[in-house]
Amino acid sequence: MAVFSSSFLPLHCASLHQRTISAGSDIRKEEVVIVGAGIAGLSTAVSLHRLGVRSVVLEQAESLRTGGTSLTLFKNGWKVLDAMGVGDELRSQYLEILGIVIKTENGRVLRAFTFKDEDQTQEVRAVERRTLLETLAKQLPIDSISFSSKLANIQKHENDETLLQLVNGTRISSKVVIGCDGIRSSVAKWMGFSEPKYVGYCAFRGLGEYPDGQPYEPRVNYIYGRGIRAAYVPVSPTKVYWFVCFNSPTPGPKITDQSELKKQTKELIKNWDSELVNIIDATPDDTVIRTPLVDRWLWPGLSPNASSGGAVVVGDAWHPMTPNLGQGACCALEDAVVLVQKLAPALKAGPMVVDSALKAYQNERWQRIFPLTVRANVTGAILQLENPLVCSLRDNLLVPKLIRLGPMMEHTNFECAPLLQTKI
């Protein structure tokens, strides 16, 4: 099991990853530095490790940021986790979701789907974020993750390397810097990316706990109202994940009182069928979060490149998307394995080949990411409509008679070869 350092070791106590120090310099030399120890960062580090490439992960927090609730992984996400060698460990802890039920706010069932009826290869499970991060982290060697390592400055350095300066004064020069630092990415900002755009609605999320066993079938239950929608899905035999999306003209103030968040959530759905209210009542206050939803559209010819010199962005740092297709985490996992399969062999060949590998990653991923981001945005905008006539058409025609699940799930098709483990 991996052991993590709370800061960089002094130069005279260099760990396995502190391989080369410039003579007469306080600049530490690395081959690959990953900024951010979230899903994108850890999956990239694990993928590199399996192919025999060492990396250092910089995380500004004092420990893994395991807050939050759950995330849904479809078959494309599970294929990547299998390639990394951690799929079965996670499967054993979480229920396989059999299908979807769509209801109105008063509990009327509009439509039901079974995943295997549409696609025999589909696999859907909701996974706790904490468990996913901890499972990935323990695949890494000792001292791979450096906590309390907040980035203060980035600049180009000699020999086509990138110089990173941390708040604690540490300076690192790296051949490759991989930005996995989320929607407010410092690396993406340095590369010229704009701030993600607020899409006009927020989400409350939580995790209901049932120590004696939760009573729900393993299906995603969607509930559609006017300008408000919600869902709940069993995660494990004792936990149920839920969310409530609601329209809001602004992201609103940050609320730190989680009991207040729970109160506001219940107020939004006070006239709905009681099932969701009961799940929220079973939710500990400290698992409830409120998130303004954002995305970034990567317009061709207008958005910056995903790579610049030896720097590249992955996951939410590059393409934050709304959660309406359940693809945020899956796409971060896909990014990681595609990048690493191109980068690992290039590292042995020099900067020009590395640059070509990073551009190849961008070109391959952009044609998948851009349409998904747009589609997720449009899907959410439609589902958040408040017009009574539009909602009536949705509830009486579109959902019951016109929607087909199969075509809607085609985006979960993704092929991923195993990352064959190489000794470091």
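In an unreviewed UniProt entry, residues 31–368 are listed as "domain: FAD-binding"; the UniProt positions follow the numbering used here, feature names are shortened, and annotations may be inferred rather than shown by experiment. The model is predicted, so local features need pLDDT of at least 70 and side-chain atom pairs count only at pLDDT 80 or more, while totals for chains, interfaces and linings use all residues. Residues are numbered from 1 along each chain as its sequence is written, and side-chain values use heavy atoms, with hydrogens and water left out.

Taken as a whole, the protein chain has twelve helices and 18 strands. Its C-alpha atoms fill a box of roughly 70 × 40 × 40 Å along the principal axes. The radius of gyration is 22 Å, which agrees with the value near 22 Å for a compact globule of 424 residues; this radius is taken over C-alpha atoms, and the globule rule is 2.2 Å times the number of residues to the power 0.38. Of the 424 residues, 52% count as buried, meaning under 20% relative accessible area, with exposed over 50% and partly exposed in between (1.4 Å probe, protein chains only).

Helix α1 (residues 39–50) packs against helix α9 (residues 328–346) at an angle of about 30°, with the axes 9 Å apart; axes are lines fitted to C-alpha atoms, for helices over the stretch in contact, and angles run from 0 to 180 degrees between N-to-C directions. On the α1 side, I39, A40, S43, T44, S47 and L48 meet residues of α9 including A329, L333 and V340, where contact means heavy atoms within 4.5 Å.

G206 sits in strand β12 (residues 197–209) and counts as buried because its relative accessibility is 0%. Beyond residues up to four places away in sequence, G206 touches T69, V240, Y241, W242, T283, T287 and V288. S307, in strand β17 (residues 307–308), is likewise buried, at 8% relative accessibility.

Definitions and conventions:
Helix = DSSP H or I, 4+ residues; strand = E, 2+ residues; numbered from the N terminus.
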